[in-house]
Amino acid sequence: MQDDATLKIESMKSRCSPAEWQARVDLAACYRLVDIYGMSDMMANHISARVPDEDGAFLINAYGMMYEEITASSLIKIDHAGNILSKPDFGALNYGVNKAGYVIHSAVHEARPEVACVIHTHSWASMAVSSLECGLLPLTQTAMRFLKIGYHDYCGVVLNLDEQESLVRDLGAGEALILRNHGVLTVGRSIGEAFNWMHRLELACRSQLAAMACNTAFVPVSQPVLEETWSNYQPGTRRPYGLMEWPALLRKLDRSAPDYKT
């Protein structure tokens, strides 16, 4: 089934609808981009996408593959109960789904039907900020977009279904959540939108850590200005996030790693 460097997977294109295949292509692209932008954690973490024309089904990565090798055909389709609905032939490797990923992602997809994509990362910057008592500070314009970000207290590795209720409650109707002592999570009405939220959240975390490392006073911003800036970033005040840059990001991948579409 495989040579020395590449996992050979038969195309799933003929086994799914055109809508599902497009979701697979976009989701595989998202995995590659999260890796390119320094937010992956080898084979840990997950990005999931709702199957557009199939209620209660979403796509997620096979546990055992690096983000840099995810393809449209390598993704596994599961339901909200964690049952595998379809997956490619991985041969002797027989990859499945990581339970922690299913617990987190199924909770959000079931509670938020408008959400098309959920991204969870353990980047060094987001893990560092998640461990700070102060959390994410509105030090930069980018960080002000997350002025009212949610927080979820650490309860151990997310394997217990009982944690789903509190996780969904802490996310609320928002697009981003800091998992204390753990990492971060973003959602979007499209895969491009979820990636946009995660990319900006990562930048906010990195810039805060850089500023804190300087060991000098921060320049304060008044609360009214913080509130106004936050308001300017909310849905309805501008075009949906990800809409403009997603085609350009796909072109970037087409130039450097076009196999994500296979």
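Predicted model: local features only at pLDDT ≥ 70, side-chain atom pairs only at ≥ 80, totals over all residues.

Reply: Eight strands form an open sheet of mixed pairing, in the order S4-S3-S2-S1-S5-S8-S7-S6. Strands here are DSSP runs of E with at least two residues, helices are runs of H or I with at least four, and both are numbered from the N terminus. Two strands pair if DSSP finds at least two bridges between them.

Me: Which strands stand at the edges, and why is one side of each left without a neighbour?
Reply: Strand S4 (84-86) and strand S6 (150-152); each has a single partner strand, so one side of each has no neighbour in the sheet. The twist averages 25 degrees from one strand to the next.

Me: OK, S2. Which residues point which way?
Reply: From S2 (residues 57-60), Ala-57 and Leu-59 point one way and Phe-58 and Ile-60 the other. All are buried (under 20% relative accessible area with a 1.4 Å probe, protein chains only). In a regular strand, side chains alternate between the two faces of the sheet.

Me: How many bridges join S1 to S2?
Reply: Two, and S1 (residues 46-50) runs antiparallel to S2. Leu-59 in S2 is the bridge partner of Ala-49. Their hairpin has six residues between the strands, and Gly-56 takes a positive phi near 75 degrees there.

Me: And S2 with S3?
Reply: Antiparallel, over four bridges, with S3 covering residues 76-79. Ile-60 has Ile-76 as its bridge partner in S3.

Me: Switching to helices: how do H6 and H8 cross?
Reply: The axes of H6 (residues 191-213) and H8 (residues 245-256) come within 9 Å and cross at roughly 85 degrees. Axes are lines fitted to C-alpha atoms, for helices over the stretch in contact, and angles run from 0 to 180 degrees between N-to-C directions.

Me: Which residues meet there?
Reply: Ile-191, Gly-192, Phe-195 and Asn-196 in H6 meet Glu-245, Trp-246 and Leu-249 in H8, with contact meaning heavy atoms within 4.5 Å.

Note on methods. Residues numbered from 1 in each chain as written. Heavy atoms only, no water. Buried < 20%, exposed > 50% of the residue type's maximum accessible area, 1.4 Å probe, protein only.
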